[in-house]
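Please brief me on how this chain is put together. I would like the helices, the strands, the cores and a few single residues.

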Amino acid sequence: MKLSSSCTALLLATAACRTTPDYGRPLPPGAPALIPLAPGEAHPDFGPQWRERAELLPAIEQSIAFMKRKSAERYFPIEGVSHQRALASLERFRDLLSSSGSEAEFARALDTGFQVYKSAGWDGKGGGVLFTGYCTPILDGRLKSDATYRYPLYALPPDLVKGPEGQILGRRTESGVVEPYPTRRAIEAGVVLEGRGLELAWLKDPLDAFIAHVNGSAFIQLESGELFRLGYAGKNGQKYTSLGGELVKDKKINKDSLSLAAIRAWAKENPGEVESYLSRNDSYVFFTPIDGNPRGSLNVPVTAGRSLATDKALFPRGAVVYVDGRVGPGVEGTETHRFLLDQDTGGAIRTAGRADVYLGIGPDAEHRSGATRVEGQLYYLFLKEGAAPQA
């Protein structure tokens, strides 16, 4: 799942309607993504999270499992953090959660042993981050098409070429040349994948298929009641365009009331316009059957309310992060003040000013992810230099 790659939250992008802060602004070349807090500089009170250790510990173990793989080493150093320091930070944080006798003791230990960094944010100076949500929707579908169920979710095409880090290079032609992979419009016109046996499931609503793409995973509710579980396999590498942003731009939905529920309501009232708006997004996602819960870009299961998706070209994989999010006036969503693990990649996030929180599986998670838009700050915690064990 890349999220989302590819997150429901990105349906809500309204950058064209915002002046400042511009959360989608990329960092200047060479600018640091993490800014260390100065000695004595204020940060949120981390102590209360000790009371949620039973929920937090399993997610930490997933990050540790990733970091212990030999393959994880190639992603470090990043932002001055070595692989050794990143792993030691996770293990020490886990041990403090388990061994501290109170939230005050836990908070003191973190202040003593850890360096706190903040995201460079939208302005490159720590100005803040926009947090949105993504989920695994449960969608009505079938394994065979008919007159009702006629919108496919596809498996990864064998001619799609990825680079060594999973980046999409394009499509390999019969002559061996790699060219850009076709756009959503071309794929959905049936000229690219139809008849190749790549259809995994069929949905009756084109918006449902689009929502599966945006989230990067979906569970398909079959006629038998069984859930057919699909996870992220890849995408076509084309540019992402926000459906919500397009609807706001064309004054189909007011920016202040934009949510996934509002988009679904608009689609129900305007079925003849839906596919033309969906085709404005050139990006297209492919799936693979999975067992269990969806996995993020670290190839470990993501945890509802505890996994975060960021730009992995900027931020260290697997790290302990603290989301300090505040809901602004007229903005839907839930305040968030908690530790998470940076375990996934935002498929359309190319900035230090955006991050997506994984909110779980099913209708409630879909509703919350589609309405979440929280402004705040993102912190990373690593052991202070010299505190990590030497090899």
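The briefing below starts with the model itself and then goes topic by topic.

This is a predicted model, in which local features need pLDDT of at least 70, side-chain atom pairs count only at pLDDT 80 or more, and totals for chains, interfaces and linings use all residues. Residues are numbered from 1 along each chain as its sequence is written, and side-chain values use heavy atoms, with hydrogens and water left out. The largest nonpolar core has 57 residues. A second, separate core has 25 residues.

**Terms for elements**

- Helices (H or I, at least four residues) and strands (E, at least two) are DSSP runs, numbered from the N terminus.
- Two strands pair if DSSP finds at least two bridges between them.

**Nonpolar cores**

- A nonpolar core is a set of buried Ala, Val, Leu, Ile, Met, Phe, Trp, Tyr and Cys residues joined through side-chain atoms within 4.5 Å.
- Buried means under 20% relative accessible area, exposed over 50%, and partly exposed in between (1.4 Å probe, protein chains only).
- In the largest core, the residues with the most contacts inside it are Phe93, Leu110, Phe339 and Tyr380.
- Which residues does phenylalanine 93 contact, leaving aside its neighbours within four places in sequence? They are Leu56, Ile60, Phe106, Leu110, Phe114, Val320, Phe339 and Leu381. Contact means heavy atoms within 4.5 Å.
- The second, separate core includes Leu160, Tyr181, Leu203 and Ala209.

**Helix packing**

- Two packed helices are described by the angle between their axes and the distance between the axes.
- Axes are lines fitted to C-alpha atoms, for helices over the stretch in contact, and angles run from 0 to 180 degrees between N-to-C directions.
- Helix α1 (residues 53-67) and α2 have axes that come within 10 Å and cross at roughly 155°. That makes α1 roughly antiparallel to α2. Angles under 35 degrees count as roughly parallel, over 145 as roughly antiparallel, 65 to 115 as roughly perpendicular, and the rest as oblique.
- The α1 and α2 crossing is left-handed. A crossing is left-handed if the near helix is turned anticlockwise from the far one by less than a right angle, and right-handed if clockwise.
- On the α1 side, the residues that meet α2 include Leu56, Ile60 and Ile64. On the α2 side, those that meet α1 include Leu90, Phe93 and Leu97.
- Helix α2 (residues 83-99) packs on helix α3 (residues 103-113) at about 155°, with axes 9 Å apart. α2 is therefore roughly antiparallel to α3.
- The α2 and α3 crossing is right-handed. Phe93, Leu96, Leu97 and Ser99 of α2 make the contact with Glu105, Phe106, Ala109 and Leu110 of α3.
- In helix α9 (residues 363-371), Ala365, Glu366, Ser369, Gly370 and Ala371 are buried. The buried residues of α9 pack against β3 (129-136), α5 (206-215), α7 (260-269), β16 (354-361) and β17 (373-383).

**Strands around β11**

- Strand β11 (residues 227-235) is mostly covered, with 7 of its 9 residues buried.
- Strand β10 (residues 218-221) pairs with β11 in the antiparallel sense over 4 bridges. Alanine 218 is bridged to leucine 230, and glutamine 221 to leucine 227.
- β10 and β11 form a hairpin with 5 residues between them. Glycine 225 in the turn has a positive phi of about 95°.
- β11 also pairs with strand β12 (residues 285-289), antiparallel, over 5 bridges. Lysine 235 has valine 285 as its bridge partner.
- Strand β4 (residues 138-142) pairs with β10 in the parallel sense over 3 bridges. Isoleucine 138 partners phenylalanine 219.

**Open sheet**

- 3 strands form an open, antiparallel sheet in the order β6-β7-β8. β6 (160-162) and β8 (178-179) stand at the edges, each with a single partner strand, so one side of each has no neighbour in the sheet.
- β6 is joined to β7 (residues 168-172) by 3 bridges. Valine 161 stands opposite glycine 170.

**Single residues**

- Threonine 336 is in strand β15 (residues 336-345). Threonine 336 counts as buried, at 19% relative accessibility.
- Beyond its neighbours within four places in sequence, threonine 336 contacts Val323, Asp324 and Gly325.
- Isoleucine 361 is in strand β16. Isoleucine 361 is partly exposed, with a relative accessible area of 36%.
- Not counting residues up to four places away in sequence, isoleucine 361 touches Thr136, Ile138, Phe219, Asn293 and Pro294.
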